[in-house]
Amino acid sequence: MRWFSVARTWAVFIKEFQQMLRDRLTFAMAVGIPVLQLVLFGYAINTDPKGLPTAVVAADSGPLARSLVASLQNTGYFRLVHQGTSQADADNLLAEGLVQFIVVIPADFSRDVVRGDRPAVLVSVDATDPSASGNAIAALGELTNQALRHDLKGPLQGLQATAPPFELRVHRRYNPEGLSRYNIVPGLIGTILTMTMVMLTSLAMTRERERGTMENLLATPVRPAEVMAGKILPYVVIGYVQLGVILGAAWLLFKVPMEGSFALLFGMIGVFIVANLAVGFTFSTIARNQLQAVQMTFFFFLPSMLLSGFMFPFRGMPVWAQWIGEVLPLTHFLRIVRGIMLKGAHASQLWIELWPMLLFLTVAGVVALLRYRQTLD
């Protein structure tokens, strides 16, 4: 008997290949995950976001002020979504994350430029994500020399030969030093909870089926909603334990500030945890084994991590990718946790991010219950 037979190896190869083809879900994941990665990294990821929403508070409507605003738009980095707002309204828009920049043009801006007084224009930046605004801030450096070049002619030509006709003062709010860890560490709360909560719950029911204990569970008078709640609640506790570990590391190791309310943060995280657990429960009713459950978890986690704004600027993605990202609970939770920890946001300011998570939780919970009833049948 030969120690190695090509015929026997070929027979095992055919048997294994046929078995792989029968497992359609695993085969689809093996093909789908690389395709998903190619699409996301090739089309959706952009580290140089442009068209960032900007609010202009203009106390001067003169021609030079209008030229300054036009020059901001011509850079491509600033998209004016609010003009003529008050300072208080603009600050609220920045706190809610609806704008990335506030440009404040002082009164008598045009007159002071003509007189050579070099008025100061204040630019406030939401610096919770330094990578999202870094290139736009760099573009402001050329603005002082170029913005009014076509206006300062004739008798005003001499103003171009001296110092820049006006001054730009950039105020990085919520993260004055531009530390990336202020953005990454709060985001890790959401990404870690997404991965662990979905995976642990998806494995729970699948493990019952593989071990043969599902029949015992079905023989009890426990209803589907009760099974779902009983399976989910222990992992809610685990989620809060993970939260405590991450927050402890955030304060002790990375010195990340906590400007908002602990109670508000804990409540918001509870909604986020349950939403992810409902997704995991749904996966557990679809997967036939633990390998498939892990594969489905990764298929959900990959777009959540890439399209939520955790790794790459959300506003830098194309519109279709932002639509997908808005469906994912991690996208809204990242804005919530950064809003509470870095901005000290209140519940009223976070409602715009909370209701999509509640809607996602409702849909995921209904689908999980319907899928579990089908599993019982």
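**Group meeting: a walk through the model**

Hi everyone. Of the 377 residues in the protein chain, 48% count as buried. Please keep in mind that this is a predicted model. The secondary structure of the chain comes to 15 helices and five strands. If you take the contacts between residues at least 6 apart in sequence, 81% of them join residues at least 24 apart.

Let's start on the inside. In soluble globular proteins, nonpolar side chains tend to be buried together. Here, the largest nonpolar core has 79 residues, and those with the most contacts inside it are I189, I269 and I340. Which helix gives the largest share of this core? That would be α11, residues 262–286, with 13 residues. There is also a second, separate core of 25 residues, which includes F78, L80, F101 and I105.

I'd like to stay with I340 for a moment. Setting aside its neighbours within four places in sequence, I340 is in contact with M258, E259, G260, S261, L264, L265, M268, A345 and L350.

Now back to α11, and to the way it packs on α12, which covers residues 290–307. Two packed helices are described by the angle between their axes and the distance between the axes. For this pair, the angle is about 140° and the axes are 9 Å apart. Angles over 145 degrees would count as roughly antiparallel, so α11 and α12 are oblique to each other. The crossing of α11 past α12 is right-handed. On the α11 side, the contact is made by N276, V279, F283 and I286, and on the α12 side by M296, T297 and F300. By class, that gives five nonpolar residues, two polar and no charged ones.

A quick stop at α4, residues 87–95: here A90, L93, L94 and A95 are buried. Just after α4, G97 takes a positive phi of about 80°.

Y43 is found in helix α2, residues 24–44. Is Y43 buried or exposed? Y43 has a relative accessible area of 63%, and because the cut-off for exposed is over 50%, Y43 counts as exposed. Y43 still has contacts: not counting residues up to four places away in sequence, Y43 touches L38, P318 and W320. The C-alpha atoms of Y43 and A321 are separated by 8.6 Å, although the two residues are 278 apart along the chain.

How values were computed. Residues are numbered from 1 along each chain as its sequence is written. This is a predicted model: local features need pLDDT of at least 70, side-chain atom pairs count only at pLDDT 80 or more; totals for chains, interfaces and linings use all residues. Side-chain values use heavy atoms; hydrogens and water are left out. A nonpolar core is a set of buried Ala, Val, Leu, Ile, Met, Phe, Trp, Tyr and Cys residues joined through side-chain atoms within 4.5 Å. Buried means under 20% relative accessible area, exposed over 50%, partly exposed in between (1.4 Å probe, protein chains only). Helices (H or I, at least four residues) and strands (E, at least two) are DSSP runs, numbered from the N terminus. Contact means heavy atoms within 4.5 Å. Axes are lines fitted to C-alpha atoms, for helices over the stretch in contact, and angles run from 0 to 180 degrees between N-to-C directions. Angles under 35 degrees count as roughly parallel, over 145 as roughly antiparallel, 65 to 115 as roughly perpendicular and the rest as oblique. A crossing is left-handed if the near helix is turned anticlockwise from the far one by less than a right angle, and right-handed if clockwise. Ala, Val, Leu, Ile, Met, Phe, Trp, Tyr, Cys and Pro count as nonpolar, Asp, Glu, Lys and Arg as charged, and the others, Gly among them, as polar.
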